[in-house]
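Subject: Structure handover and notes

Dear colleague,

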Amino acid sequence: MKAWRRKGDVILAGFEQQEAAVLRGLVSQLEDMLRARAEEAPQDELAELTGIRTGPSESPDDPVLSRLLPDFHKLDPDNPSREDLDSAAAMRSLHEPELLETKVGVAKVVLDTLPRDGGDVHLDVEQADAWLGALNDVRLALGTALDVTEDMPDELPDDDPRAPHLGVYHWLTWVQETLIQALTA
């Protein structure tokens with residue numbers, strides 16, 4: 001990949017075919033997970049009339065989705081009160097639909113601007129911000145799936161099944177860092 005760079009108001013990079021395929025695949029998988037979660041939302045006739053959407057009131061069971069869609073209300077893990085549980089459910093129900101819409105939207109920007117066969121990417125600042133959000137979401141998802149911690153070495157033994165995927169995680173980190181540098185240049 002050619003690192004992100006800024007030329008006036010345009011943020012530029014170049015992706016090899018394999019890099020584009022990997023990134024498009026990860027972003028598509030994430031988008032599918034988020035859309036599936038959005039479809040779990042209860043159908044509410046009142047919401048259709050008022051335009052106020054509601055989402056699921058319970059945290060996702062999937063650890064990746066749970067990381068991407070954290071609780072909106074902090075609970076005491078040892079002794080959550082009924083009031084705290086009700087508040088957490090209400091906050092999730094009200095705010096998760098908008099969060100899902102935002103996350104699906106930034107994923108769509110990446111998929112719309114990254115050529116399928118690789119090549120140059122030209123973004124305006126708003127699109128670059130969307131890319132940052134999508135890259136962050138993909139890194140969070142992959143990091144959760146790989147159980148990445150601060151103590152994890154940069155490389156894993158060859159016999160560790162996570163080893164090849166950790167390389168992708170580090171590459172995504174670099175893509176994100178160079179995009180931040182280009183945006184702040």
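The notes below begin with confidence and then turn to the sheet and the helices.

This is a predicted model, in which local features need pLDDT of at least 70 and side-chain atom pairs count only at pLDDT 80 or more, whereas totals for chains, interfaces and linings use all residues. Residues are numbered from 1 along each chain as its sequence is written, and side-chain values use heavy atoms, with hydrogens and water left out.

Confidence comes first. The chain has a mean pLDDT (the predictor's confidence in each residue, from 0 to 100) of 88, and 86% of its residues reach 70 or more. Helices and strands here are DSSP runs numbered from the N terminus, with at least four residues (H or I) for a helix and at least two (E) for a strand. Among these elements, strand E3 (residues 119–123) has the highest mean pLDDT, 98, while helix H2 (residues 45–50) has the lowest, 58. Where pLDDT is low, the predicted coordinates should not be read in detail.

Next comes the sheet. Its 3 strands follow the order E1-E2-E3 in an open, antiparallel arrangement, where two strands count as paired if DSSP finds at least two bridges between them. E1 and E3 stand at the edges with a single partner strand each, so one side of each has no neighbour in the sheet. From one strand to the next, the twist averages 20°. The antiparallel pairing of E1 and E2 runs over 4 bridges, and Arg 6 has Ile 11 in E2 as its bridge partner. Helix H6 packs on this sheet, touching E1 and E2, and its direction makes about 15° with that of E1; axes are lines fitted to C-alpha atoms, for helices over the stretch in contact, and angles run from 0 to 180 degrees between N-to-C directions.

H6 itself deserves a careful look. It covers residues 163–184, which is 22 residues, and spans 32 Å from its first C-alpha to its last, close to the 32 Å expected at 1.5 Å a residue (the expected span being 1.5 Å times one less than the number of residues). Its buried residues (under 20% relative accessible area with a 1.4 Å probe, protein chains only, where over 50% is exposed and in between is partly exposed) include Leu 166, Trp 171, Leu 172 and Thr 178. Among the elements that cover the buried residues of H6 are strands E1 and E2 and helices H1 and H5.

Which residues does Thr 178 touch, not counting those up to four places away in sequence? They are Ala 3 and Trp 4, with contact meaning heavy atoms within 4.5 Å. Thr 178 counts as buried at 7% relative accessibility.

Leu 172, also in H6, is buried at 0% relative accessibility. Leaving aside neighbours within four places in sequence, Leu 172 is in contact with residues including Leu 23, Leu 26, Leu 135 and Val 138.

Finally, the helix pairs. The axes of H1 and H6 come within 12 Å and cross at roughly 95°, which makes H1 roughly perpendicular to H6 (65 to 115 degrees, where under 35 is roughly parallel, over 145 roughly antiparallel and the rest oblique). Glu 19, Val 22, Leu 23 and Leu 26 of H1 make this contact with Val 168, Trp 171 and Leu 172 of H6. The axes of H1 and H5 come within 10 Å and cross at roughly 80°, and these two helices are therefore roughly perpendicular to each other.

With best wishes
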